[in-house]
Every structure is written in structure tokens, then in C-alpha cells.
Amino acid sequence: MSSLFKASGWKWVPSLYFAEGLPYILVMSVSVVMYKNLNLSNTQIALYTSWLYLPWVIKPLWSPFIDIIKTKRWWIIITQLLLGGGMAGIAFSLQTNYHISLSLAFLWLMAFSSATHDVAADGFYMHGLRQHEQSLFVGIRSIFYRMAIWFGQGLVVMSAGLLHRYTNINNAWTICFMGLTLIFILLAQLHKSTLPRPSSDVNKADVKNIFPELAKAFISFFTKKNMLIVILFIFFYRFGEAQLCKLAQPFMLDSLEKGGLNLSTEMVGLIYGTIGVISLILGGILGGIAISQKGLRYWIWPMALAMKLPDIVYVFLSGSQPDNIFIIASSVAIEQFGYGFGFTAFMMYLIMISESRYKTTHYAFATGIMALGMMLPGMISGWIQDQFGYLQFFIWVMICTIPGLLLIPFLKIPKGFGRKNS
């Protein structure tokens, strides 16, 4: 334990993974609340923001070139400055008559910059720390990534809601993104000073070898035994939840007449962005402990059911439209805890199928399919809800959880995989 506190990684690992998590949650979740506040329809919100998953879907195609062009340290600082520029652009666009189209353009800039930053940061982690330090800091990086989720989904959303009491909604979100711009400029400057310059972080890869190696990795991944089932499982495991996460916050914000819960923006930030995130983290921690004790094969069914069955709380909330904050918060906490618990099994499965000579690239392919499984169903979710209402939509979400469950019996999971000392 004393070696952890003495390690030099404290100078940069927490801030680096905070910087990795924050833009992702701003693009994927906070933008949903902002566009709901700006009176876009659920169809538009779900379609526009789901398209923003695309950079994470195709990230494996350009990630090898980060090894060729400059160092990972250089990429981290540049992408953080680009992220700050994207946030400044959103703040500026909200003061124009073209605030929807312009803000979406800057969100695209943020999405591509964030996906690139992910590759560079995760790669630099392995260069900037010695092997034993990587193990020591794996929990620290996870904590600060999740803190970034709370900061964006909770604090930023609550701040926008509170500011809206004193000014119009465009100004409220402009102030928030101006603050975020400052944060990322400071993060870039901080990392320019604190990131080490490891001798291994050099752009020594040969571009002539990249394409053949990428082709070999691609072929070896997609020709694995039972691969069709694997791809279908990755795509469909979150088929229901991909739609739910796009409409959960709009549902809370919509009026009672529209079938929503009529909550304020700051209350949504508190319930979904704070209580929900804490429950998500606790579920994930418990899931990791559980798998380390019994293994993935033992827990795959309980965790899958724990992730999907709690979605029914939204059927209850949309059917009864309670005005009791405790009931709403408890329902969200239950659903998010189950999501965090069940998602642990999914991530372990992705790690399992990525075991090979091309482990990093295979994992990138797997997470790309995962992102596609979030993007496509998310795109149609708003239209479904606008056509049929919230109650019918959440019933549809429950139906959409079934395909992922039906594929579990066909998975080949080695006994003891993920178990400590297995």
C-alpha cells in the first residue's frame, strides 16, 4: 500500500482518466439533456446523439496510426486542446440562430477527439508506468473515470438547471460549456507539465507494416470459432438498454401531459447523474468482486438478469407517474445498480474473446461492435417513443432485452475464467 502512495503516477493518472471520461459523458449523455432543454423532439435527440457513437465504432481503423504519427504524449495534449476548442465552439454556437447544427458539428469534433484521446491515454498508461505500477493504478484510473461521469452527468446538468433560474436556457448551457472549456485548457497545460517522457513512447512503427498487421488482426478476430454468435451477443446484449439510456432523462424532464415525470433539470442531474451514478459504480464494484470469486461462467446468467430485469422500473414509473422523489430516485438507483452489476460480466466477456496475439486490436474490434450495438438501436429509440408514448416504449425496451439473453446458452466460456487464482 505504501508503494502506491509513493508512486509517481499520482501526478498524472487521476487527471488523465478524468479527462478521458468527461468528454465521453458530455457527448453521449449531457448533450441529450441540453437538446431536450432546447426543445428538440425525442426523435431528433436520439437520432442526432446516437450518430455521435460513430467515432468509437470506427476507432480501430485509425488507432494504429497513433503509434506512427507523433508520440502518445503529444496526442493526449493535442486532443485535450481540441476538446477544449469543441466545448468553446458549443458555447459560442448556443448564442447564434444556428445553435442546433453548429453545436452538433462541435460535438462531432469532440467525439472524434475523445475517441482518439482514449487510444492515446490507454496506450500511454502502459508506457508511463512500470508493470507493477499499472496494476497498482488500475483501480485509481477507474475511480477518476467514474468521477468524470458524475461531474458531467450530475454536476454540469445540475449547474445548467440552477443557472436557468436566472437566465435563459441557451445562456445557462453557454456558461457551463465556457467553464468546461477552461477546465480542458488547464488539463492540457497540466499534462504538458506532469506527463513523463518515457523512452518507449516513440513513433517507431513502420507504416508499411501497419496495414498487413491490421489485416492479420482483423482476419484472426473475425475467423475465430463461434464468431457469429459472439458478434450477435456483443451487438444485442445491450439492445434494450441502448434505447433506454437515450430516453431516460427526456422521460424525467417531459411534462405529465406528455407522459413524463415533469422533473427540473437540476433534479434530473441529482437523481440520474448523482444517485444513479453512485449506484452504477457500486454495482460495478460488486460485480468485479463477484467474478473474481466465482468466475464469469458462474455469474453470466445472474448478472445478465440483474442488468435487464430492473428496466421494468421505467414501466412502473411511466405507468404511475409518481411525484414522490424518493420513489423515483430509488427506482433509478435500482436500475443503475443492476446495470453496473450486469455490465461487469459483459466487459469481462469482451476481455475473454480478445485473448490472442493481437489482444489490444481485438479488444478495439470488440468495443467497436459494442458501440455499434449502442448506436443503431439508439437512433430509432426516439421515433418509437414519439409514436407510441413512454409506457409502450418502456415495455418495448423490456422486449428488446430478450435477444441478448437467448444467446447466452450458446456462449463458450472457460470454467474459472476471471476467477482469482484460477
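**Salt bridges in a predicted model**

Me: How many salt bridges does a search of the whole structure find?
Reply: The search turns up three salt bridges, each being a side-chain nitrogen of Lys or Arg within 4 Å of a carboxyl oxygen of Asp or Glu. This is a predicted model, where local features need pLDDT of at least 70, side-chain atom pairs count only at pLDDT 80 or more, and totals for chains, interfaces and linings use all residues. Residues are numbered from 1 along each chain as its sequence is written, and side-chain values use heavy atoms, with hydrogens and water left out.

Me: OK, what does Lys36 pair with?
Reply: Its partner is Asp254, with the closest N and O atoms 3.0 Å apart. Lys36 sits in helix H2 (residues 13-37), while Asp254 is in the loop between helix H11 (239-253) and helix H12 (265-294), 218 residues apart. Helices here are DSSP runs (H or I, at least four residues), numbered from the N terminus.

Me: And are Lys36 and Asp254 buried or exposed?
Reply: Both are buried, meaning under 20% relative accessible area, against over 50% for exposed and partly exposed in between (1.4 Å probe, protein chains only).

Me: Switching over, which residue does Glu266 bridge to?
Reply: Arg165, at 2.7 Å between the closest N and O atoms. Glu266 is in helix H12 and Arg165 in the loop between helix H7 (131-163) and helix H8 (169-194), so the pair ties together parts 101 residues apart in sequence.

Me: Is Arg165 buried or exposed?
Reply: Arg165 counts as exposed at 57% relative accessibility, whereas Glu266 is buried at 13%.

Me: What about Glu241, which residue is its partner?
Reply: Glu241 forms a salt bridge with Lys308, closest N and O atoms 3.6 Å apart. That links helix H11 with helix H13 (residues 296-308), 67 residues apart.

Key
Helices (H or I, at least four residues) and strands (E, at least two) are DSSP runs, numbered from the N terminus.
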